[in-house]
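Work through the following exercises with the sequence and the model open. Each task is followed by a solution in steps.

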Amino acid sequence: MLAGLEQPDVGDVRLGEEDFLALSARKRRVGMVFQQYALFRHMTVAQNIAFGLTVRPRAERPAPEDIRRRVEELLSLIQLEGLGKRYPAQLSGGQRQRVALARALAIEPRMLLLDEPFGALDTQVRRDLRLWLREVHDRTQVTTVFVTHDQEEALDLADRVAVLREGKLVQLGAPHELYDRPADPFVYQFIGPACRLTGVVEHGRLRVAGWEAPAPDGVPDGEALLLFRPGEAEIGPAGSDGLRAELVSVLRRGLQARLQCAVGGQLLEVEADVRMLPQDLAPGTLLTIRPLQPFVYPAG
């Protein structure tokens, strides 16, 4: 609908104060970047980037020299200077994705749409391209809509994050707002890893797995969900304040340890600094886990 390929049944599509539905797809000047690059294999890098300019009607087409200048500017922007004569098959996956972005930017779009553009790349390349894309966005100031299932990408890149569930908008806000004040358990678990337990709220008190604590204001009596981050919990000996837990396994990685524990009949994985843990931890050890920043929601 933003690109003009579909029409909404109801509602408006606007960029600023302009009615996008009143414009044809061509006049909207929307650039698109796809997950699988969609580069023309028979064209060089420079020809791919210039494509959107060379196919314009003659009256709107820039002069050849202007097109060459624009291509060189974009090759510099995407840090691929000197590679304009290569073909897509001669580039790495990350380089191809940069070319796809440059092609979308060549038409000087008013809006840029990116559909999971890093989905086909390995983890380290994705991280590098995220930082680079943020720099490109800050330099070009093009309104950008980035679709992703990766919460790290969403939090690293976005000024505002829209969380969708089954076609409905669940929450819209700055990354820190979603992280600090998630609207419901779905948003909480989308934003990052979560430990989740079922408990009961009665008269303003939460009870779960042998632990009792004040329930947040607004949570009604009845079954409730307790959620907290794996790295936001204090691990203590049995009998101290917290959730009763039995250690199932420990995985140490550098100074961090991941503890898999049985709590209330469920398995939870929490994280801790190994220097803060007893040295003789073994499966079967009884512990307590005290969430430091718990979130409580009505169940269901």
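**Exercise 1. Overall dimensions**

What radius of gyration does the chain have, and what would a compact globule of 300 residues have?

Solution. The model is predicted: local features need pLDDT of at least 70 and side-chain atom pairs count only at pLDDT 80 or more, while totals for chains, interfaces and linings use all residues. Residues are numbered from 1 along each chain as its sequence is written, and side-chain values use heavy atoms, with hydrogens and water left out.

Step 1. The radius of gyration is taken over C-alpha atoms, and the globule rule is 2.2 Å times the number of residues to the power 0.38. For 300 residues a compact globule would come out near 19 Å.
Step 2. The chain has 25 Å.
Step 3. Along the principal axes, the C-alpha atoms fill a box of roughly 80 × 45 × 25 Å.

**Exercise 2. Composition of the fold and its surface**

State the secondary structure, burial, contact and charge figures of the chain.

Solution. 
Step 1. Helices (H or I, at least four residues) and strands (E, at least two) are DSSP runs, numbered from the N terminus. The chain has 7 helices and 17 strands.
Step 2. Buried means under 20% relative accessible area, exposed over 50%, and partly exposed in between (1.4 Å probe, protein chains only). Buried residues are 39% of the 300 in the chain.
Step 3. A contact requires heavy atoms within 4.5 Å. Of the contacts with a separation of 6 or more, 62% join residues 24 or more positions apart.
Step 4. Accessible areas come from the Shrake-Rupley method with a 1.4 Å probe; for residues, only the protein chains shown count as cover. The chain exposes about 17200 Å², and carbon and sulfur atoms supply 50% of this area.
Step 5. Lys and Arg count as positive and Asp and Glu as negative, without His and the chain ends; each charge is placed at NZ of Lys, CZ of Arg, CG of Asp or CD of Glu. The mean positions of the 37 positive and 41 negative charges are 8 Å apart.

**Exercise 3. Leucine 226**

Solution. 
Step 1. Leucine 226 belongs to strand β11 (residues 222-228).
Step 2. Leucine 226 counts as buried because its relative accessibility is 0%.
Step 3. Alanine 299 is 73 residues from leucine 226 in sequence, yet their C-alpha atoms are 9.2 Å apart.

**Exercise 4. Cysteines**

How many disulfides are there?

Solution. 
Step 1. A disulfide is a pair of cysteine sulfur atoms within 2.5 Å. The count is 0 disulfides.
Step 2. For cysteine 195, the nearest cysteine sulfur is that of cysteine 261, 9.0 Å away.
Step 3. Cysteine 195 is buried, at 2% relative accessible area; cysteine 261 is buried at 0%.
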